[in-house]
Amino acid sequence: MVRVRFAPSPTGNLHIGGGRTALFNWLFSQSQGGKFVLRIEDTDKERSKKEFVDEILYSLQWLGFNWDEIYYQSQRFDQYRMYADKLLKSGLAYIERSPEGKEAIIYKVPAQKIQVNDLIRGKIEFESSLIKDQVLIKSDGTPTYNFACVIDDAQMNITHIIRGDDHISNTPKQILLYQALGFDLPLFAHLPLIMGVDGGRLSKRTGATAISDYRKMGYLSEALLNYLLLLSWAPGDNREIITVNEAVKLFDIKNVNKTSATFDIKKLDWINNQYLKNADPEKLADQLVPLLEAKGYINKDNFDRKYLLDLVKLFQARLPRLNDFVDWADFFFLEELLMDETAVKKYLGQDLSKEFGLFVQRLDNLVDYSVINIESSFRELVVELGIEAKKLIHPIRVALTGKTIGPGLFELIYYLGKERSKRRLLKWVK
RNA sequence: GACCCCAUCGUCUAGCCUGGUCUAGGACAAGAGCUUUUCAAGCUCUCGACACGGGUUCAAAUCCCGUUGGGGUCACCA
């Protein structure tokens with residue numbers, strides 16, 4: 001039975017790298033019909049925070065990873081102590097007293113060659129004489145990372161340890177402990193790291209790092225997962241859009257790349273748009289409601305949901321991030337438009353009183369106010385005036401929305417409604 | 001610095017294991033154009049890479065060695 005674990009430390013939010021590690025662990029466990037164990041590594045009492053635990057759990061759920069078991073290292077201190085004593089008794093560890101009289105338990109590292117057979121990288125060799133003696137239990141009584149990690153992985157019967165590249169150098173230290181304690185060795189797989197655009201580690205300097213930041217920016221979890229998937233693995237048939245569930249069927253850990261990848265938000269935007277255009281408008285509307293309410297655009301207890309759904313459908317194919325809807329569609333909610341000044345200068349600098357006036361008249365005369373009728377009445381007007389359609393379309397768009405870009409004009413006029421459209425156009429009629 | 005990992009377009013990658021089908025394929029980005037209406041959507045096209053040097057071989061992006069470059073780790077942090 002395959003058992004993997006994801007072991008975050010609650011000293012911060014779940015970040016992109018952590019989410020990616022969780023993804024590959026989850027993917028592997030699903031593809032093998034195994035179990036996905038979550039272990040909270042909260043041995044550092046100073047830095048570990050309950051709020052981070054909550055945040056991590058929430059983000060994992062948002063990504064869609066459900067764990068089969070969950071453990072907290074802070075509740076297992078007796079285990080670490082017990083095994084440390086065992087090593088002490090067998091003479092493989094010794095006690096070191098600090099000047100203040102506090103005792104730490106140290107593992108005496110034997111000189112030997114250590115070989116790791118990494119599932120992704122192949123053989124990696126280390127010389128343990130280069131590793132200094134390892135602290136097992138710190139003088140404050142808490143276990144060190146490598147020690148707690150080994151005991152937990154062994155006791156929780158973890159079969160495959162899938163983690164970031166940055167742990168490669170911990171691996172020989174841990175293997176030594178497995179041997180000292182007589183535990184069976186798990187299999188290791190080290191994932192390449194995700195880098196920031198500056199080539200270094202992904203940091204806040206080079207962009208958002210927390211999974212929750214991406215959620216708040218309006219990325220769909222499916223899109224983020226799809227992107228993360230592509231960062232070190234490929235389905236192999238030039239496919240870019242693939243859900244995690246489809247990936248489960250094709251996934252083989254041997255095909256994971258060895259090279260570190262740069263996080264490119266432009267591609268994430270593109271993938272997000274791909275998902276957005278096929279997303280259920282109902283779900284998008286649900287996510288939009290709190291954002292629109294925060295802007296004061298709607299009252300969540302009293303708004304026209306059917307209308308919002310229409311607007312979502314109008315925009316969803318062109319949004320890179322769901323949250324862009326709030327700004328891009330603001331003119332549907334604002335009475336006082338936010339005008340793009342350069343657009344006003346460019347398209348409304350001339351007097352269009354006659355043209356706008358005539359169009360308002362035509363809109364007014366429409367008995368059936370439909371997209372088709374709006375368009376044909378506009379086309380007729382343009383022919384009558386003997387001008388190019390676009391000479392009038394752009395100014396009208398700016399007058400109605402304050403912007404030069406957006407959905408098709410006639411749909412805009414339809415969804416804006418006759419009265420609002422007339423009012424906005426009349427503002428420019430002298 | 002020591003140890004370890006890595007090396008295909010600007011970015012993500014396919015190909016590498018099992019050398020020839022690779023004048024290296026796709027996607028994002030960028031640039032150009034099309035779309036009797038914008039673009040941030042759609043369509044078309046263009047630009048653009050096997051880090052370098054040695055080997056092995058009839059043949060190397062693919063195998064081996066070295067160099068260079070990048071990254072990671074060297075805590076009583078995880």
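This is a predicted model: local features need pLDDT of at least 70, side-chain atom pairs count only at pLDDT 80 or more; totals for chains, interfaces and linings use all residues.
**Helices α3 and α4**

- Helix α3 (residues 77-89) and helix α4 (residues 145-155) have axes that come within 10 Å and cross at roughly 100°, and the two helices are therefore roughly perpendicular to each other.
- On the α3 side the contact is made by Gln79, Tyr80 and Tyr83, while α4 contributes Phe147, Ala148, Ile151 and Gln155.
- Sorted by type, the residues of this contact are five nonpolar and two polar, with no charged residue among them.

**Helix α5 and what covers it**

- In helix α5 (residues 171-181) the buried residues are Pro172, Lys173, Gln174, Ile175, Leu176, Leu177 and Ala180.
- The cover over these buried residues includes the helices α3 and α4 together with the strands β5 (103-107), β6 (113-118), β7 (122-127) and β8 (134-137).
- After α5 comes Gly182, which has a positive phi near 75°.

- Leu136 belongs to strand β8, and it counts as buried because 27 C-beta neighbours lie inside 10 Å, where 20 or more are needed.
- Leaving aside neighbours within four places in sequence, Leu136 is in contact with Ala84, Leu87, Ala93, Ile105, Ile106, Tyr107, Pro143, Thr144 and Phe147.
- One of these partners, Ile106, is 30 residues away from Leu136 in sequence, yet the two are 5.4 Å apart in space, C-alpha to C-alpha.
- The largest nonpolar core holds 100 residues, of which Leu23, Ala84, Leu136 and Leu224 touch the most other members.
- Helix α1 (residues 16-31) provides the largest share of this core, with seven residues.

**The surface near RNA strand B**

- Around RNA strand B there are 60 residues, and those that come nearest are Ser9, Glu41, Tyr145, Ala389 and Ile405.
- Two or more residues of this surface come from each of the elements β7, β12 (261-262), α9 (265-278), α12 (324-328), α16 (389-401) and α17 (409-416).
- Helix α9 gives the largest share of the surface near RNA strand B, namely four residues.
- By type, the surface near RNA strand B consists of 21 nonpolar, 21 polar and 18 charged residues.

- Asn157 has a positive phi near 55° although it is a residue other than glycine, and with 13 C-beta neighbours inside 10 Å it counts as partly exposed.
- Asn238 is placed in the loop between α7 (221-230) and α8 (244-250), and its phi is likewise positive, at about 65°, although it is not a glycine.
- Asn238 is exposed, because 6 other C-beta atoms lie within 10 Å and a count of 12 or fewer is classed in that way.
- Asn278 is part of helix α9, and with 11 other C-beta atoms within 10 Å this residue is exposed.
- Asn278 and Val429 are 151 residues apart along the chain, and their C-alpha atoms are separated by 41 Å.

How values were computed:
Residues are numbered from 1 along each chain as its sequence is written. Chains are lettered from A and ligands numbered from 1 in the order in which they are written. Axes are lines fitted to C-alpha atoms, for helices over the stretch in contact, and angles run from 0 to 180 degrees between N-to-C directions. Angles under 35 degrees count as roughly parallel, over 145 as roughly antiparallel, 65 to 115 as roughly perpendicular and the rest as oblique. Two residues are in contact if their C-beta atoms, placed from the backbone, lie within 7 Å. Ala, Val, Leu, Ile, Met, Phe, Trp, Tyr, Cys and Pro count as nonpolar, Asp, Glu, Lys and Arg as charged, and the others, Gly among them, as polar. A residue is near a molecule or strand if its C-beta atom, placed from the backbone, lies within 6 Å of it. A nonpolar core is a set of buried Ala, Val, Leu, Ile, Met, Phe, Trp, Tyr and Cys residues joined through C-beta atoms within 7 Å.
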